[in-house]
Amino acid sequence: MNTQKTQVLEDVEQAVDAIIERVGKTIAIGMPLGLGKPVELINALFQRALRDPTIQLKILTALSLEKPGGSSVLENNFLAPFVERVFGGVPELDYMKALRQNRLPPNIVVSEFFFKPGSLLNNAHAQQHYTSSNYTHAARDVFNQGCNVAAQAICKRETPEGTRYSLSCNPDTSPELLSRLKASGRPYVAIGVVNQNLPYMVNDAEVEAENFDLIVDHARYSTRLFSTPKLPVATPDYMIGLNASALIKDGGTLQVGIGALGDAIVHATVLRHQQNASYRSLLKDCGIMENSSTLIHDIGGDTPFEKGLYGASEMFVDGFMPLYQAGILKREVYDFWALQQLVNEGRCNPDHLTTDVLDELQHLGVRVIRTQDFRILQHHGFFNDATRYDLGYLVAPDGQRFIANVADPISRKIMAEQCLGQKLRNGIIMHGGFFRGPGNFYDWLRGMSEDERRRLCMTGVDKINQLDLNPRLYKEQRIHARFMNTGIMVSLSGAVCSDGLEDGRVISGVGGQYNFVAMAHQLPTGRSVLMMRAVRDKDGTGDNASSNVVFNYGNCTIPRHLRDIVITEYGIANLLSRNDNEVAKALLNITDSRFQQDLLDQAKKSGKIEAGYQIPEQHRQNFPERLESLLQPYRSQGIFPAFPFGTDLTPQEQLLGKALKGVKARAAKTAKWKLALAAWRQGETDVPDTARPYLQWLKLDTPHCLQDKVVRMLLVEELRSAGVI
């Protein structure tokens, strides 16, 4: 165990010197996923290892964030103003640049357990050093890979008791990793680098300086935070979101992810709460109630949220912000199982405690109040602040000392008369493991009042992603849990692929998906909801579309025995407790109709579906065009905007981005010789002056080759058809 006093430094180079002095030149540094990496520190350590090949550096982390870049010169030209505006001043990870360029030296290894989806499919180093790990096992696996340096970005604030620090965006795995390091006797260094732009999170995220051996604290390291720009929400996403939102139970628990699908779910949930008539009309018009009314009635709903929701999500995504602002994210949970059960069952009014609650506790079997029990109950206002605990006894405000036993009549009488609080307090509406999001999300977190901040608890994934640490409590807190995650493909057996391809290459990682799916099966009222688009259409033309509902697939993230609910844009398949025949039929009902017959034939050939079976007529019209027509009346009312929660893109960038997608689609569908001929025929007089600013933006105002001329020609036509020029 490290016994040295915390040392505060002003420069990351000093920290690198201290690391080498304390653990030597064989360094395995563990850093949080996402936003919590101390970029300047790892860059300094990386550069030192580049200069000194005797240093063996292993970087153990996940989700290394990179500024967006295009796949071509044209795309980079388009993105340049956006990247400068949104990411200017955000430090970049040097090791990721080297990884991208395949120039990592032999003495440096980068090993991650989760990639940005699709970003490293063809990178040999990343694929070979990927560690497949459930999120709840990440700290263990980092420790087992020899970690001897634990480092992360932190923030601080001054209090009457002294300087306090916050793990802010990433208390997800670091505390467990440090606990393992302390218990091991292994020489190690724990380092925090202060970035005052991080929102200061309290509760479990708040720590003392003694948690670190080294703290690097200088204003130069309070850099701009990496933000996650919003993606446009398309019709398939909105349809999936509508279906998913109807499965959320008022008074329940929600986990939801980042990206367009997460935004679609949140948007539909807010619509359900604030514009309920329109929402219910949508469910009817889109056939959702017709196809899934029984399931919605049994486990979800279509009414506004009176009790509200509690969030329990490994990733505290920005989607919880509009849920909070709409008054939906508001159900509070408490850290004592019996108290939580009484609240759930309506036998304890959090806003007005009565003496009956003591009888109710006794009926649940709560008798002896232990030290830890008293501390938690008083924290939540069950006992007033004037009551004390002393070695198995309670001391009432008037000084009476009596046994801390609810079953004792005398004790219960004194508790009722003197010790009971007036109402519960310090309830938590959101438990999250890590966060990242757009800039306005960070602004919202930084701008919260202290009372609001206290209702959010950033904590470890060992607490959020599983029940193991306190099953009785977590089962009471996570009533009617809806754990919503995304997949890539689902087989007709109900197995889901979410993290990789059948050739072994990793797209992203398991992350916490398996944890939440397995937990849903352990919770009496919990459900796992896996969502995916029914169709994969890479070029957007429809010509090369393929089904994401497949007969089988050579990569499995969630096995068939954990199948539950699957949603595509064409509806909900309730697979829980169903046999293989029923599962295959339910999935065919939510498959794009272009692929239904082939899948049905395969299922019949394998004997999973009887020879005479036909897909019901109501499910044979699963085409994208039908979905567009269903949403069009509502889209004209402004209900389904491309960016329901805003975007960092300017109107001009949105317009040009859409035009470039059209260019790409037309180029993919048209013969090259036809494109070349059309571009050759286009003269300078055919290019309107109103198109010049867009062409200059993309550096196409003076084409240098035939390809430039083709792109210019297609872009002018796209802008003209959009009515821009």
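Strand 20 is mostly covered, with five of its five residues buried. This description rests on a predicted model. From strand 20, Arg527, Val529 and Met531 point one way, while Ser528 and Leu530 point the other way, and all are buried. In a regular strand, side chains alternate between the two faces of the sheet.

Strand 17 and strand 20 run parallel and are joined by five bridges. Within this pairing, Thr486 has Met531 of strand 20 as its bridge partner. Strand 20 also pairs with strand 24 in the parallel sense, here over three bridges. Val529 stands opposite Ile565 of strand 24.

Ile567 stands opposite Ile572 of strand 25.

## Helix 8 against helix 24

Two packed helices are described by the angle between their axes and the distance between the axes. Helix 8 packs with helix 24 (residues 624–635) at an angle of about 80 degrees, and their axes are 10 Å apart. Helix 8 is therefore roughly perpendicular to helix 24, since angles from 65 to 115 degrees count as such. On the side of helix 8, the contact is made by Thr235, Tyr238, Met239 and Leu242. Helix 24 contributes Leu627, Glu628, Leu631 and Arg635.

## Helix 13, an enclosed helix

Helix 13 (residues 337–344) is largely enclosed by the rest of the structure, because seven of its eight residues are buried. The buried residues are Trp337, Ala338, Leu339, Gln340, Gln341, Leu342 and Val343. The cover over these buried residues includes helix 14 (356–363), helix 15 (371–379) and helix 20 (471–477). Just after helix 13, Gly346 takes a positive phi of about 75 degrees.

Strand 5 (residues 149–159) and strand 6 (residues 162–166) form an antiparallel pair over five bridges. The two strands make a hairpin, with two residues between them. In this pair, Arg157 has Arg164 of strand 6 as its bridge partner.

Strand 6 is also paired with strand 8 (residues 206–207), in the antiparallel sense and over two bridges. Tyr165 stands opposite Val207 of strand 8.

Asp598 lies in helix 23 (residues 593–605). With a relative accessibility of 53%, Asp598 counts as exposed, because the cut-off for that class is over 50%. Asp598 and Val317 are 281 residues apart along the chain, and their C-alpha atoms are separated by 38 Å.

## The chain as a whole

The chain contains 28 helices and 25 strands. For 725 residues, a compact globule would have a radius of gyration near 27 Å, and the 28 Å of the chain agrees with this. The C-alpha trace spans about 100 × 70 × 50 Å along its principal axes.

Of the 725 residues in the chain, 58% are buried. Among contacts with a separation of 6 or more, 76% are accounted for by residues 24 or more positions apart. The chain exposes about 30,500 Å², and carbon and sulfur atoms supply 50% of this area.

Notes. Residues are numbered from 1 along each chain as its sequence is written. Side-chain values use heavy atoms; hydrogens and water are left out. Two strands pair if DSSP finds at least two bridges between them. Helices (H or I, at least four residues) and strands (E, at least two) are DSSP runs, numbered from the N terminus. The radius of gyration is taken over C-alpha atoms; the globule rule is 2.2 Å times the number of residues to the power 0.38. Buried means under 20% relative accessible area, exposed over 50%, partly exposed in between (1.4 Å probe, protein chains only). Contact means heavy atoms within 4.5 Å. Accessible areas come from the Shrake-Rupley method with a 1.4 Å probe; for residues, only the protein chains shown count as cover. Axes are lines fitted to C-alpha atoms, for helices over the stretch in contact, and angles run from 0 to 180 degrees between N-to-C directions. Angles under 35 degrees count as roughly parallel, over 145 as roughly antiparallel, 65 to 115 as roughly perpendicular and the rest as oblique.
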